[in-house]
Amino acid sequence: MPQGQVVTVPADGLTTRQRRNRPLVVVHTGEMKGKSTAAFGLALRGWNQGWSIGVFQFVKSAKWKVGEEAAFRALGRVHEQTGEGGPVEWHKMGEGWSWTRKKGSEDDHAAAAAEGWAEIRRRFETQAHDLYVLDEFTYPMKWGWVDVREVVEVLAARPGRQHVVITGRDAAPELIEAADLVMETTKVKHPMDAGQKGQRGIEW
């Protein structure tokens, strides 16, 4: 596998191994589909390394079913039964936290988002997982339900070796600045442009 060559070597006092193994903050943003898909692909690689995976979805609806959830829950059972891979937890952090916002008032959603973020903070403190997927988490920050500056500070201060992947459109500039890796999905073509709706196995 190609190893790649670094462009610069910072004078941070770290060895190559220490720098290579430092925990990362990854942000997947942009208008096009594929942000969560890429995050779950990363989580699959982590699971294969034996990492504890924690998925926290700030989702369109708590009732919304996605294929990735079923697959990761199955992988969690594989780990429990055989020891292969790593443990998996999958949490839908409330209902209507993302862009549909159908049930409850905005105050209800804001309180639910804050509660979900508080739970994630507690898990950072106890180093509960090796990899956190905070799916659609840019939206609570965009709407002011979770303070961006606080998120950046907590991410910077998290102990141990805990990787974090955050997905969603319109990532805040402060979050982008704080991240180690940022990708932006850009639409070139989409089936919806030709009137085609989502389909099984592609969108869910």
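Predicted model: local features only at pLDDT ≥ 70, side-chain atom pairs only at ≥ 80, totals over all residues.
How many residues does helix α3 (residues 67-82) have, and how far does α3 reach from its first C-alpha to its last?

1. **Span of α3.** Helix α3, residues 67-82, has 16 residues. From the first C-alpha to the last, α3 reaches 22 Å, close to the 22 Å expected at 1.5 Å a residue. Just after α3, Gly 83 takes a positive phi of about 85°.

2. **Overall organisation.** The secondary structure of the chain comes to seven helices and six strands. Along the sequence these elements follow the pattern α-β-α-β-α-β-α-β-α-α-β-α-β. The chain has 204 residues, of which 38% count as buried. Among contacts between residues at least 6 apart in sequence, 81% join residues at least 24 apart.

3. Which residues of α3 are buried? They are Glu 69, Phe 72, Leu 75 and Gly 76. These residues cover an arc of only 125° around the axis, and therefore lie on the same side of α3. An α-helix has 3.6 residues a turn, so residues three or four places apart point the same way. The buried residues of α3 pack against α2 and β3 (88-92). On the face turned away from the buried side, α3 carries the exposed residues Gln 81 and Thr 82.

4. **Packing of α2 with α3.** The axes of α2 and α3 come within 12 Å and cross at roughly 5°. Because angles under 35 degrees count as roughly parallel, α2 is described as roughly parallel to α3. In this contact, Thr 37, Phe 40, Ala 43, Leu 44 and Trp 47 of α2 meet Glu 68, Phe 72, Leu 75, Val 78 and His 79 of α3. By class, the residues of the contact divide into seven nonpolar, two polar and one charged.

5. **Arg 77.** Arg 77 lies in helix α3. Is Arg 77 buried or partly exposed? With a relative accessible area of 44%, Arg 77 is partly exposed. The C-alpha atoms of Arg 77 and Val 88 are separated by 8.4 Å, and the two residues are eleven apart along the chain.

6. **The two faces of α6.** In helix α6, residues 148-157, the buried residues are Val 148, Val 151, Val 154 and Leu 155. They cover an arc of only 130° around the axis, which puts them on the same side of α6. The face turned away from that buried side carries Arg 149, Glu 153, Ala 156 and Ala 157, which are exposed.

7. **Gly 160.** Where is Gly 160 found? Gly 160 is in the loop between α6 and β5 (163-167). Its relative accessibility is 46%, so Gly 160 counts as partly exposed. Leaving aside neighbours within four places in sequence, Gly 160 is in contact with Pro 23 and Gln 127. Gly 160 and Pro 23 are 137 residues apart along the chain, yet their C-alpha atoms are separated by 7.8 Å.

8. Most residues other than glycine have a negative phi. Phi of Gln 127, however, is positive, near 55°. Gln 127 sits in the loop between α4 (106-126) and β4 (131-135). With a relative accessible area of 43%, Gln 127 is partly exposed. Glu 136 likewise has a positive phi, of about 65°, although it is not a glycine. The place of Glu 136 is in the loop between β4 and α5 (138-142). Glu 136 has a relative accessible area of 7% and is therefore buried.

9. **Ser 52.** Ser 52 is placed in the loop between α2 (35-48) and β2 (53-57). At 12% relative accessibility, Ser 52 counts as buried, because the cut-off for that class is under 20%. Which residues does Ser 52 touch, not counting those up to four places away in sequence? They are Pro 87, Ala 128, His 129, Asp 130 and Leu 131.

Note on methods:
Residues numbered from 1 in each chain as written. Heavy atoms only, no water. Helix = DSSP H or I, 4+ residues; strand = E, 2+ residues; numbered from the N terminus. Buried < 20%, exposed > 50% of the residue type's maximum accessible area, 1.4 Å probe, protein only. Contact = heavy atoms within 4.5 Å. Expected span 1.5 Å × (residues − 1). Arc of directions from axis to C-beta. Axes fitted to C-alpha atoms, helices over the stretch in contact; angles between N-to-C directions. Parallel < 35°, antiparallel > 145°, perpendicular 65-115°, else oblique. Nonpolar A, V, L, I, M, F, W, Y, C, P; charged D, E, K, R; others polar.
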